[in-house]
Amino acid sequence: MSLQNKSVPSGPNTPWTVFCAAIDNYGDIGVCWRLARQLQQEYGIPVELWVDDWAALARFFSVPDLDTQESHTVQGVHFRNWRSPWEVSAQSLECIAASAVIIEAFGCSLPAVLVRAMADSAAPALWLNLEYLSAEDWVRDCHALPSPQSIPNAAGTAVALSKYFFFPGFVEGTGGLLREADLLARHTTLQSALPLTRSAFLAPYSLPGELLGDPHCLMLSMFCYEGAPVLGLLAALAEASESSLCLVPESRCLLSVQAFFELVEAPEVGAILRRGALTLVVLPFADQDEYDRLLSLCDFNIVRGEDSFVRAQFAGRPMLWHLYPQQENAHLAKMEAFFALYSGQSEAETALHGFWSRWNQGEDCRDLWHHLRPQLPALQRQARSWQQKLAQRPDLAANLVQFYRERCEETAREAPV
Ligand code: TRH
């Protein structure tokens, strides 16, 4: 499918620069990479993406010794190794400072030398802090607000620069969600050709024929944090009357899988484990498009953090969101805020809410699964309607480009004639 090229005002050659520090896990890099790729492919914007953790980056690309390299270009996105201390030539520094936009992802703090160079630049970049995703009400109030900064330039004079807070979100008045132009069409293509697409996906694994041919077999994906009550869920799946196939991408929750199947070591990629009605397969950590395919083909997805959570919503399948645990259970308030938007109060939705609450408090969900399982057809309809609702809104990349355009127009209006 060809993607539309929607050029931006200052010309497609003005690069955007993104800085990303990987705090933990893969979400920070995953979001920045997805955004950079979309800006490049759909808007023709050259993007340079500085990432500080190339071992984590290597998870996304199968390139030998990636973590020893200084730069790497994938699908037009130019990755740069953000080492500490950050050393770039004076000329590069000047160019970066004059990017069209500089995105400081998730409050990662730009290198001080770059901020000073922005203060020195005749045409400094638009400075954005791309924030974490939350459905809480305050997000709408804070989205797009400027934070005035006073930065000393090389001559020691304080220069006023604004840093804008850009909040992704689910509702109008927020920055929206990452959604490539062809994403929903990709899901429709995969889902309308079921069960063939599912068989093709599973073909590399030598699964028992009776399972593949079983129309009642429930297919789930599970990508969650350690500490999740995985044992109870697996027990429920094993003792159920209908079969299930649980696909688990390589991640730390394999330790729970190891415990459930009483293995000496965590199972390796490709392992097929069976107990009762449950078959579990360990998948490799796939590239992002392949992971979307998995989400599209499953009847129920367990996702986590931020990016896989958003992808599961666009896949239009019922899901369980495992939130990144925060101090004083702040993540539970986030969960409630999202659930209030996502769902109503039907019997099925109430069952789902109970399941999410218990799971996110690390409590056993064995019985709740048996209650939830018959509700999946209703939850499938609800997930589809949420997907369609989200699809009506402008996506995050479109909102960023629009925000940039508006700031350009504002600057042009304010410039002396
Ligand atoms: O890895 P995460 O737990 O990241 C989290 C969140 O971003 C959270 O907001 C942040 O505070 C915390 O890290 C520090 O979960 P997330 O966000 O789903 O990111 C996983 C990425 O990995 C996402 O881009 C999808 C991608 N992925 C693949 O590309 N292939 C795979 O096989 C799997 C399982 C995931």
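Mentor: Let's start with a polar contact, which is a pair of N or O atoms within 3.5 Å; within protein, one must be able to donate a hydrogen and the other to accept it, and residues adjacent in sequence count only if both atoms are side-chain atoms. With D307 it's a side-chain N or O atom, and the distance to a ligand oxygen is 2.5 Å. The protein buries 96% of the 710 Å² that the ligand exposes when taken alone (Shrake-Rupley areas, 1.4 Å probe).

Mind you, this is a predicted model: local features need pLDDT of at least 70, side-chain atom pairs need 80 or more, and totals for chains, interfaces and linings use all residues. Residues are numbered from 1 along each chain as its sequence is written, and side-chain values use heavy atoms, without hydrogens or water.

Now the shell. There are 22 residues around the ligand (a heavy atom within 4 Å), and Y225, A286, R304, D307 and S308 come nearest. By type, the shell has 10 nonpolar, six polar and six charged residues (Gly counts as polar, Tyr and Ala as nonpolar). Helices α1 (27-43), α11 (288-297) and α12 (307-315) each give at least two shell residues, and α1 has the largest share, with three (helices are DSSP runs of H or I, at least four residues). Domain 1 (16-177 + 394-414) and domain 2 (183-391) each supply at least three, with bounds from an automatic or database assignment.
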